[in-house]
Amino acid sequence: MLYALILAGGKGTRLYPLSREDNPKQFLKVINDKSFLRNTVDRILKLIPRENIYVVTNERYLDKVKEELNDIKEENIFTEPQNKETATCIALSAVKLVKNDKDAKMVVLPSDHYIQGEREYLDTIQRALDISERRRGLVTIGIKPTRPETGYGYIKVGDRVNNKIGTFRVEQFIEKPNLEVATDFYYSNNYLWNSGMFVWRADVFLRELERYVPKMYKNMMEIYKAVNTKEEKKVIEDQYNLIEGISVDYGIMQKTRKAYVIESEFVWDDIGNFNSLGKFLSNQRSNGIKGEVFTSESENCFVFGGKKFIITFGVEDLIIVDSEDVLLIMSKDKDQDLKHLVDIIKQNDKFNKYI
């Protein structure tokens, strides 16, 4: 049977201070009147029935997920006691699904993406399902770059395996490049953005986990034994204390020989930082604005207003964010460093209430 797994446990620190530890990015309503999480569920509902949509999140966000997705049964919300990276939360979900359905097929979706072109999106997912079943492969969705982007990972495509649907073997995964390298990738036909969306059979994924992350696989098999028993919660907590977390890209996708990528035709953005989010703001004299904002002699700024009336005068290339108790002002070119800045702020206990 086919299932959607939506990853909703991240903290979204690159959108701080809009995104907070108690209200991370997946719950924000910044592009339309729905949260990123709600939009993700609504998109995939056209392909996968509600009862087969699952969410994996941190225990601390369970109530927020239930509130945001009151049409999803609580048993369809998997919780983690700790954040241990994407390979871990996907593996936990895979063993839970395969315990009850040995033929489970998974569509793994981050909860914080912007997608335009619903028909193309659903067609791409369906094609990925066909490839994952026929080739018993791990399929990822690649996005044709529209600009030299330093904030995304890239996929170097290898041999073409299907002429009709633009499917390739994955030759290499590349982490976020510098601008010079990103520009080379943009003008090449051999690189796609790594969207972080995956399609595979749960049993195939677990076999690759066993091959490339054997210690985690053993932890997951202990959890598998306890699924649907009274000991399940305790076993998960015990095993999570032993697991060394790793991302699914590092742990499996960069190593497996079963990786395939489908080049998508829909519009996609990760909304991983304020420069990405700024593209959806209203335009005012070459500045992107939201809220009560007035700009004068200002250029190329993104201003996210809150309760205050914000005036910019004689400034350029700034990101300004008003979020109740925090006001952020930073240069646009520091956008990728915001997560590091938040980590520094956390080291001072005096500022914990603002995180």
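How many nonpolar, polar and charged residues does the lining of the second largest pocket have, counted by class? In this predicted model, that lining has five nonpolar, two polar and seven charged residues. The space that lies in the second largest pocket comes to about 330 Å³, and of the 14 residues that line the second largest pocket, I77, F78, T79, K96 and E232 are the closest to its centre. Two elements, β3 (77-80) and α8 (232-242), each give two or more residues to the lining of the second largest pocket.

The overall division of the chain is considered next. The domain assignment of the protein gives domain 1, residues 2-269, and domain 2, residues 274-354. The C-alpha centres of domain 1 and domain 2 are 29 Å apart, and 18 residues of domain 1 are in contact with 18 residues of domain 2. An annotation from the unreviewed UniProt entry, "domain: MannoseP isomerase/GMP-like beta-helix", covers residues 292-343. Over residues 292-343 the chain is 44% strand and 12% helix, with the end C-alpha atoms 30 Å apart.

The largest pocket has a volume of about 1,500 Å³. Of the 46 residues lining the largest pocket, those closest to its centre are R14, E85, T86, D112 and K339. The elements that give two or more residues to the lining of the largest pocket are α3 (85-100), β8 (167-174), β9 (191-201), α9 (248-253) and α11 (338-346), and β9 gives the most, with four residues. Sorted by class, the lining of the largest pocket has 14 nonpolar, 18 polar and 14 charged residues. Because domain 1 (2-269) and domain 2 (274-354) both give residues to the lining of the largest pocket, this pocket lies between them.

The largest cavity holds about 30 Å³ of space, and its lining is made up of K11, T13, Y16, S19, R20, E21, V342 and I355. By class, three nonpolar, two polar and three charged residues are found in the lining of the largest cavity. Y16, which is one of the residues that line the largest cavity, is joined to P17 by a cis peptide bond with omega near 10°. P17 is placed in the loop between β1 (2-7) and α1 (36-44).

A226 is in helix α7, which covers residues 214-226. With a relative accessible area of 7%, A226 is buried, because residues under 20% are classed in this way. Once its neighbours within four places in sequence are left aside, A226 is in contact with E231, E232 and V235; among these, E232 is also one of the residues closest to the centre of the second largest pocket. The C-alpha atoms of A226 and K99 are separated by 9.9 Å, although A226 and K99 are 127 residues apart along the chain.

L122 is in helix α4, residues 118-135, and is likewise buried, with a relative accessible area of 14%. When neighbours within four places in sequence are left aside, the contacts of L122 are with R43, K46 and L47. L122 and I329, which are 207 residues apart in sequence, are 39 Å apart in space from C-alpha to C-alpha.

Backbone angles were also considered at two loop positions. In the loop between α7 and α8, N228 has a phi near 75°, a positive value in a residue other than glycine. R285, which is not a glycine either, has a positive phi of about 55°, and R285 is found in the loop between β12 (282-284) and β13 (287-290).

Technical notes:
Residues numbered from 1 in each chain as written. Predicted model: local features only at pLDDT ≥ 70, side-chain atom pairs only at ≥ 80, totals over all residues. Heavy atoms only, no water. 1 Å grid on protein atoms, 1.4 Å probe; cavity = no way out; pocket = protein on both sides within 12 Å on 5 of 7 lines; lining within 4 Å. Points joined across faces, edges and corners; volume = space filled by probe spheres on them. Nonpolar A, V, L, I, M, F, W, Y, C, P; charged D, E, K, R; others polar. Domains from an automatic or database assignment. Buried < 20%, exposed > 50% of the residue type's maximum accessible area, 1.4 Å probe, protein only. Contact = heavy atoms within 4.5 Å. UniProt positions renumbered as here; feature names shortened; annotations may be inferred.
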